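Let's take a walk through a structure together, starting with its ligands and ending with its sheet. Keep the picture open while you read.

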Amino acid sequence: MDKKFDFTAISDACIKCGKCIPGCTIHLVNPDEVTSPRGFIDLLGAYKRGELELDKEAKDIFESCFLCTHCTDVCPNSLPTDMVIEEVRADIAQKFGIAWFKRVFFTLLRHRWLMDLMMKLGWVFKTCGFKEEPSKGGMRARFNLPLIKADRLLPSLSKTSFLNKYPQEIKSGGKKRVAIFIGCLANYNYTSIGDSLVEVLKALDIDIFIPKKQKCCAAPAYFTGDFYTVETLAKQNIEYFESFIDEVDAILIPEATCSAMIKHDWEVFFTNRKMFDWAKRAKKLNEKIFMVTQWLYSETNLKEVLEKKGVKFDEIVTYHDACHAKKVQGIEKEPRELLKSVFTIKEMSDPNRCCGFGGVTMQTEKFELAKAAGAPKAAMIQESGARIVSAECSACRMQISNALYQNNVDVEFKNPIELIAKALREKQ
Ligand code: SF4
Ligand code: SF4
């Protein structure tokens with residue numbers, strides 16, 4: 001068996017049936033056998049047998065996977081293509097290094113106080129009237145800056161982060177007590193998600209604990225192959241969660257990617273490095289970690305509360321299944337059931353199709369691929385006739401909001417918890 005992962009056995013187990021190919025996100029935008037799950041598996045097998053050099057071309061190919069997990073979801077042999085690509089990206093990072101702007105970003109993720117400061121400065125610059133200018137190429141090429149053009153919609157920064165806005169304890173009737181793991185995008189950018197969650201929990205008489213020392217779940221680093229950052233953040237979070245897990249009924253996460261990382265990838269990461277004690281500790285925590293709509297639907301009377309309120313909005317909502325919610329965690333019914341109480345849901349033609357976010361590398365150096373993958377999602381949202389698109393994932397929010405903007409589709413994106421809070425706020 002390979003020291004970390006048996007790539008050869010995985011490669012041998014691929015029966016070449018091709019079931020993974022039609023819905024593969026990269027194959028849809030670049031229809032080539034090389035950029036397909038079957039192709040990736042073949043190349044990875046050759047690399048591990050020493051028949052393929054990990055050169056720039058191979059790097060480029062392995063970095064073009066969106067890690068959407070469609071292949072693993074449909075493969076009759078459940079081959080973990082996404083996981084072996086994540087593993088080979090660590091080899092790529094070791095061989096080629098990690099671009100300086102990503103290293104800066106991951107350093108900020110490891111040091112919350114520094115991230116808070118940078119975000120604060122970012123907000124001050126923004127309010128001073130600094131505007132993003134279109135990239136001129138020269139500077140970008142000289143300093144290897146990521147491709148972020150002014151015609152692209154980026155999430156705005158909030159003046160105060162979610163974690164700095166609220167006290168650690170919010171008493172509210174004491175029916176239950178839950179902790180909130182907020183995720184970086186909802187902490188700094190889409191802060192109305194956390195505001196809405198606090199509002200909904202208060203309405204249900206549930207006490208709230210906001211763990212102030214929580215760190216990033218490490219998903220951005222995991223998808224980029226920075227395993228030092230993954231190990232550091234996962235261990236710090238595990239130790240911290242263990243210090244309060246017995247005093248809460250649940251840890252709620254309003255983000256599919258963070259939730260999948262914590263509930264699934266931490267254990268896989270430690271198992272692959274033979275750190276079995278840490279894998280066991282990560283797995284034990286999972287019993288109490290939930291995505292927000294999953295827990296609210298199964299453990300509270302929220303649906304009944306919403307139905308009793310009798311509010312019905314005219315706006316039609318279409319629901320996008322974030323890959324890390326449906327494919328990784330099997331969550332699709334819960335948010336729809338809650339939303340159906342107050343909105344009319346109209347399904348888009350393929351809610352399960354990946355939006356094309358793809359991670360830090362895809363959103364910077366390979367943004368043209370993300371843009372191509374986002375356009376069909378924007379088109380199907382438009383065709384649904386909905387006024388609002390919802391998904392429990394801020395990475396999808398960033399990608400879909402930009403795709404809608406670039407394709408002139410006038411539809412608003414909301415996390416389901418924001419829509420539920422709006423319904424509870426409504427006067428009859
Ligand atoms: S994870 Fe997604 S993009 Fe990558 S190979 Fe699998 S289906 Fe294709
Ligand atoms: S679905 Fe699985 S077995 Fe079939 S070609 Fe794809 S990776 Fe191979």
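This is a predicted model: local features need pLDDT of at least 70, side-chain atom pairs count only at pLDDT 80 or more; totals for chains, interfaces and linings use all residues.

Residues are numbered from 1 along each chain as its sequence is written, and chains are lettered from A and ligands numbered from 1 in the order in which they are written.

**Around the ligands**

Ligand 1 has 14 residues around it, and Cys24, Cys65, Cys68, His70 and Cys71 come nearest. For ligand 2 there are 15 surrounding residues, with Cys14, Cys17, Lys19, Cys20 and Cys75 the closest. (A residue is near a molecule if its C-beta atom, placed from the backbone, lies within 6 Å of it.) Helix H3 (residues 37-48) gives the most to the shell around ligand 2, namely three residues. Over at ligand 1, H2 (25-29), H3, H5 (70-74) and H6 (81-96) each supply at least two residues. Helices (H or I, at least four residues) and strands (E, at least two) are DSSP runs, numbered from the N terminus.

By class, the ligand 1 shell has nine nonpolar, four polar and one charged residues, whereas the ligand 2 shell has nine nonpolar, three polar and three charged. Here Ala, Val, Leu, Ile, Met, Phe, Trp, Tyr, Cys and Pro count as nonpolar, Asp, Glu, Lys and Arg as charged, and the others, Gly among them, as polar.

**The sheet**

Now for the strands: five of them form an open, mixed sheet in the order S1-S3-S2-S4-S5. At the edges sit S1 (169-170) and S5 (289-291), each pairing on one side only. Two strands pair if DSSP finds at least two bridges between them. Some of the pairs look like this:

| Pair | Direction | Bridges |
|---|---|---|
| S1 and S3 (207-209) | antiparallel | two |
| S2 and S4 | parallel | three |
| S4 and S5 | parallel | three |

Which residue stands opposite Glu169 in S3? That's Phe209.

Which way do the S4 residues point? Ala250 and Leu252 go one way and Ile251 and Ile253 the other, and all are buried (20 or more other C-beta atoms lie within 10 Å of a buried residue's own, with C-beta atoms placed from the backbone).

Note on methods:
A residue is buried if 20 or more other C-beta atoms lie within 10 Å of its own, exposed if 12 or fewer, and partly exposed in between; C-beta atoms are placed from the backbone.
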